[in-house]
Amino acid sequence: MGVMRLGYVHTRVTDLEESRKHYVDTLGMRVVAEEPGKLFLKAWDEYDHHSVVLEEGGVGLVKLGYKCRTPDDIAAFENRIQSFGAVTERMSKGENLSVGDGIRVVLPSEHVLELYSEIDVVGTETGSLNPDPFPRHLVGVGVPRIDHTLVTCEDPATLERFFAECLDFKPSERVVTGLDRDADLIGSWMFCTNTPHDIAFIKGPNGKLHHFAYWLNDWNEIRHAGDLFAMDDVSVDVGPTRHGITRGETIYFFDPSGNRNEVFSGGYITYPDFPTITWTPDQLAKGIFYISRELNERFTTVLT
Amino acid sequence: MTWLTVAGADVTVELHDREPMLSGLFRSGYAYRVGCKRGGCGICKVDLVEGAVDYPVTVSDEVLAPDERAAGVCLSCRAVPVTDSVIRLREDDRLRCVAPFLAAAVRGGSSGNSSVQKGKD
Ligand code: FES
Ligand SMILES: [Fe+2]
């Protein structure tokens, strides 16, 4: 089992109150806790304490949390990560509000990853006893849950090897410079659940966030989200469109600090024996934005 | 109300009260290389040739370093000119008119033309 899912995304924002408007009023997350300069947020269909932490001061990623099945899994990962040569440290209960013991890893890409297995379970907004399909009074987009992240790194091949060897992630799709054996890896989309990706990385500077995404149920919900972005003057990057890679439907947009968010629906199901899909550079534009088949320069240059 | 001129492009637009440079230029039918439009990525940087700007919204020092700011670099999506100002786009970028009718309407429709405006016509 090992890593179960993306548990939390912790990002920096320049203005906490502007961010609150975006994440709460437009996206429909709920504030579950506040500390000075920090907001802890949860989406309605998530049952763990929080999934997004916003911290005032700067922009970009502070860290990602992935939830593991058991403390034993984490101990096993710790060994593998150390023999891989990455830096780990123990993190103890209470260092992150509501989160239990675990380990903190500085990835080969300089991003910080936390692995934990315990966090307060507060339940979804519909509960688990004879639940309705959705809560009646959702706000804005009413996102049900976070889905995945995409980060940039100088050496995607090493990061892919890290996630495969240390954490048992599998690549669903890979972009390579060519089809011969010594071709380089430009990007990799990797899963630990049954979705097309739980994390993805593309070549770029280390330590940067490209985007983190929210799940929506279908294409109509994506369009509805787009309408709300227009009403709330959200800066939209691309979409609505479809990705060739993951087959998902999407809008990329920016939070009030310029961190890129995505609403994502669709995609396929994966299993540990999923045959990895390969993309070549000549088709990359189609892989990223399937309908227009054109990459805008923001896709590779706008990072936080 | 302030006027914003893009040096080298021979374009001057009128900015609304508290309006950032980027917003005023796009609203007037022009475009140039921009990113998040929210102060996070630094793609929209321009150089201030003349004038002065204010940042009503906090911008991160990582995006616009204090020494850059002191040297007149502006984050055009967040910088609000407080006096008539002149900017220059980065060398590898240029101002494009994407809506000529809009640019013409903005030019022809403004009342109380300033000297900057009259000088152009
Ligand atoms: S467009 Fe991103 S900082 Fe201005
Ligand atoms: Fe995505």
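**View 1. A:T241 and A:T250 are bridge partners in neighbouring strands of chain A.** A:T250 belongs to β15(A). Strand β15 covers residues 248-254 and runs antiparallel to β14(A), with five bridges joining the two. Strands here are DSSP runs of E of at least two residues, and helices are runs of H or I of at least four, numbered from the N terminus. Two strands pair if DSSP finds at least two bridges between them. This is a predicted model: local features need pLDDT of at least 70, side-chain atom pairs count only at pLDDT 80 or more, and totals for chains, interfaces and linings use all residues. Residues are numbered from 1 along each chain as its sequence is written, chains are lettered from A and ligands numbered from 1 in the order in which they are written, and side-chain values use heavy atoms, without hydrogens and water.

**View 2. Nine strands of chain A make an open, mixed sheet.** The order is β14-β15-β16-β13-β9-β12-β11-β10-β17. β14 (235-242) and β17 (277-279) of chain A are the edge strands, each with a single partner, so one side of each has no neighbour in the sheet. From one strand to the next, the twist averages 20 degrees.

**View 3. Two helices of chain A lie across strands of the sheet.** Helix α3 (residues 156-167) lies across β9 (145-153), β10 (170-176), β11 (185-191) and β12 (199-203) of chain A. It runs at about 20 degrees to β11(A). Helix α4 (residues 219-231) lies across β14, β15 and β16 (260-266) of chain A, at about 15 degrees to β15(A). Axes are lines fitted to C-alpha atoms, for helices over the stretch in contact (heavy atoms within 4.5 Å), and angles run from 0 to 180 degrees between N-to-C directions.

**View 4. Three residues of chain A donate to the iron ion (ligand 2).** Donors are N, O and S atoms within 2.8 Å of the metal (3.2 Å for Na, K and Ca); water is not among the atoms, so sites may look incomplete. The donor spacing in sequence is H-x62-H-x50-E. A:H211 sits in strand β13 (residues 208-215) of chain A and A:E262 in strand β16 of chain A, so this pair ties together parts 51 residues apart in sequence. Both A:H211 and A:E262 are buried. Buried means under 20% relative accessible area, exposed over 50%, partly exposed in between (1.4 Å probe, protein chains only).

**View 5. A:R260 and A:D237 meet in a salt bridge.** Their side chains are 2.8 Å apart, N to O. A salt bridge is a side-chain nitrogen of Lys or Arg within 4 Å of a carboxyl oxygen of Asp or Glu. The pair links strand β16 to strand β14 of chain A, 23 residues apart. A:R260 is buried at 1% relative accessible area, and A:D237 is buried at 7%.

**View 6. A:D48 and A:K67 also form a salt bridge.** The N to O distance is 3.2 Å. A:D48 is in the loop between β3 (38-42) and β4 (52-56) of chain A, and A:K67 is in strand β5 (residues 60-68) of chain A. Both residues, A:D48 and A:K67, are buried.
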